[in-house]
Structures are given as structure tokens and as C-alpha cells.
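Hi there,

Here is the structure I promised to pass on to you. Please have a look at it first, and then read my notes below.

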Amino acid sequence: MPSVVDILIRSTSLSGIRHKRATLADDRVDLLLHPPLPAIGALDFKAGVALVEAGYRHAVEELARSGLAKRFIT
């Protein structure tokens, strides 16, 4: 049985998913990133550095692959 904290976290993430879908339906998204993140609990605050590093590496790779960086770097 999930704890109250698990239920609250899931409720918050569902709201984010709904917002993301609405944004994508708007056709204003140039690049949507889905970084491969390690399995880390939502309350594992000590793992923050690992999450940031994984997200950063993924963003750099995908931005370079997409060619969008040329629009912002002169």
C-alpha cells in the first residue's frame, strides 16, 4: 500500500504530465528532452548532483544532435 507521501508525489507528477501534454499540443516545442535517469527516490535529496549531471549530459548531446544550438550561439 502506498504511503501518503507517495500518493502526494504521484498526484503532483500527474499534474505535470497533463501540463506537458497541453504544451506539446500547442506545437511550440522545439526540443523535448527525456534524459535517462537512474532510479532515484523522489525524496533522495543526496542524489541531486547525479540527477543534474545526467540531465546536463543528455541535454548537451541532444542539443548538439538537433542543430538548435546554432540558433543561439554566434
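**What I found**

Val5, Ile9, Leu43 and Phe45 make up a nonpolar surface patch, and together they have about 400 Å² of accessible area. A patch joins residues with over 30% relative accessible area and no salt bridge, with like charges linked within 9 Å and nonpolar side chains (Val, Leu, Ile, Met, Phe, Trp, Tyr) within 5 Å. A salt bridge here is a Lys or Arg side-chain nitrogen within 4 Å of an Asp or Glu carboxyl oxygen; areas are Shrake-Rupley values with a 1.4 Å probe, and for residues only the protein chains shown count as cover.

This is a predicted model, where local features need pLDDT of at least 70, side-chain atom pairs count only at pLDDT 80 or more, and totals for chains, interfaces and linings use all residues. Numbering starts from 1 along each chain as its sequence is written, and side-chain values use heavy atoms, leaving out hydrogens and water.

Val5 sits in helix H1 (residues 4-25); helices are DSSP runs of H or I with at least four residues, numbered from the N terminus.

Now to helix H2 (residues 48-66): its buried residues (under 20% relative accessible area, 1.4 Å probe, protein chains only) are Ala54, His58 and Glu62. They lie on the same side of H2, because they cover an arc of only 55° around the axis, taken from the directions from the helix axis to the C-beta atoms. The face turned away from that buried side carries the exposed residues Val49, Val52, Tyr56 and Ala64, where exposed means over 50%. After H2 comes Gly67, with a positive phi near 85°.

Enjoy exploring!

Note on methods
Helices (H or I, at least four residues) and strands (E, at least two) are DSSP runs, numbered from the N terminus.
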